[in-house]
Amino acid sequence: MAACQILHPVIPCPSKEQTYRRHLSFSSSFPCMPSKKVGLKDECLDACRGAVCILRCRSRYVYKCKASQEVQPSSRELDKLVELPLFPLPLVLFPGAVLPLQIFEFRYRIMMHTLLQTDLRFGVIFTDRATGLAEVGCVGEVVKHERLVDDRFFLICKGQERFRIINVVRTKPYLVAQVEWLEDRPSDEQEDLEALASEVERYMKDVIRLSNRINKKTEKETPEDLRKNLFPTPFSFWVGSTFEGAPAEQQALLELEDTALRLKRERETLRNTLNYLTAAAAVKDVFSSNES
């Protein structure tokens, strides 16, 4: 996937007589036009004195002065950005989750040789044919590796912090992007995160118990403590990592920057799953009674 650098029609600059063009940094997951008109913010660099003026909106659009040759982030923005090699995969990695990988493609073998000489960290980013490359991913840190005689690698990676792609630096031999780190923000409303986490844990236990019953795995006991003393935020990531087979939902959970919202969404998903399993168990019981 090539970097997306689309220039849209000229927009009058509100502060000077100069003009701007809307410039999209990267990612096929971004729309080419905002869904609604976005006003320019008061964050111009030197009030557009013939230099570059960068403004950002929620959709990560960048505005630049027509006279400039390329968009350059401010020094403050540059301090927050880091370059990270990316590994697009059809799965979602969460902080704290363990991911085994086998590296066999030539470009990613090149990446591995580079990582072994640096910090053993790369970005795992979800991708599929329908939505393309996601905007938010998770750092995978190599905690164990084995190099085979044919130059393939077996890896054990652990999810670390989340990141958002800001700009693609290069696409060959492998994808490298400038990223910013993401952390959960305090909720706008006063939420009892411990109560939410406990409710999610109860739903998970019920889902596991009923699933074992349907699949006749009664010998497998439900763990008494699923949280294992995890705080609400890491627990919410762990719950999201268990939603295997639903990568779109996992990606939505990964992108949330509010622990309460993530736990509420997981609670709703588990509640719906429990209702489905309850109905399935009832149907199975009816057929079993008829057979007897």
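Mentor: We'll start with the whole chain and then go to single residues.

Trainee: Okay, what kind of model is it?
Mentor: It is a predicted model. Average pLDDT for the protein chain is 77. Of the residues, 69% score at least 70.

Trainee: Where does pLDDT stay under 50?
Mentor: Over residues 1-71. The model still has 148 contacts there beyond four places in sequence.

Trainee: What do I do with that stretch?
Mentor: Where pLDDT is low, the coordinates should not be read in detail.

Trainee: Fine. How many helices and strands are in the chain?
Mentor: The protein chain has 6 helices and 10 strands.

Trainee: And what share of the residues is buried?
Mentor: Buried residues account for 42% of the 292 in the chain.

Trainee: Now contacts. Of those between residues at least 6 apart in sequence, what share joins residues at least 24 apart?
Mentor: That share is 62%.

Trainee: Switching topic. How many salt bridges does the structure hold?
Mentor: It holds 18. Side chains of opposite charge can pair when their charged atoms come close.

Trainee: Give me one to look at. What does the side chain of Arg185 meet in a salt bridge?
Mentor: Arg185 pairs with Glu257, at 2.8 Å from N to O. The two partners are 72 residues apart, so this pair links distant parts of the chain. Arg185 is in the loop between β10 and α3, and Glu257 is in the loop between α5 and α6.

Trainee: Are those two buried or exposed?
Mentor: One of each. Arg185 has a relative accessible area of 52%, so it counts as exposed. Glu257 has 17%, so it counts as buried.

Trainee: What else does Arg185 touch, beyond four places in sequence?
Mentor: Arg185 touches Asp258 as well as Glu257. The C-alpha atoms of Arg185 and Asp258 are 5.6 Å apart. Along the chain, those two residues are 73 apart.

Trainee: Which residues are linked with Arg185 in a network of salt bridges?
Mentor: Glu135, Arg164, Glu180 and Glu257 are linked with Arg185 in that network.

Trainee: Why does Glu249 count as buried?
Mentor: Because its relative accessible area is 19%, and buried means under 20%. Arg265 is at 36%, so it counts as partly exposed.

Trainee: Let's do cysteines. How many disulfides does a search of the whole structure find?
Mentor: The search finds 0. Cys138 is buried, at 0% relative accessibility. Cys157 is buried too, at 1%.

Trainee: And the surface? Which residues form a nonpolar patch there?
Mentor: Val98, Val143 and Ile156 do. Together they have about 260 Å² of accessible area. Val143 is in strand β8, residues 136-147. It counts as exposed, at 54% relative accessibility.

Trainee: Last topic, the backbone. What should I expect in general?
Mentor: Most residues other than glycine have a negative phi, and most peptide bonds are trans.

Trainee: Which residues does a cis peptide bond join here?
Mentor: Lys172 and Pro173, with omega at about 0 degrees. Pro173 is in the loop between β9 and β10.

How values were computed. Residues are numbered from 1 along each chain as its sequence is written. This is a predicted model: local features need pLDDT of at least 70, side-chain atom pairs count only at pLDDT 80 or more; totals for chains, interfaces and linings use all residues. Side-chain values use heavy atoms; hydrogens and water are left out. Helices (H or I, at least four residues) and strands (E, at least two) are DSSP runs, numbered from the N terminus. Buried means under 20% relative accessible area, exposed over 50%, partly exposed in between (1.4 Å probe, protein chains only). Contact means heavy atoms within 4.5 Å. pLDDT is the predictor's confidence in each residue, from 0 to 100. Patches are made of residues with over 30% relative accessible area and no salt bridge: like charges are joined within 9 Å, nonpolar side chains (Val, Leu, Ile, Met, Phe, Trp, Tyr) within 5 Å. Accessible areas come from the Shrake-Rupley method with a 1.4 Å probe; for residues, only the protein chains shown count as cover. A salt bridge is a side-chain nitrogen of Lys or Arg within 4 Å of a carboxyl oxygen of Asp or Glu. A disulfide is a pair of cysteine sulfur atoms within 2.5 Å.
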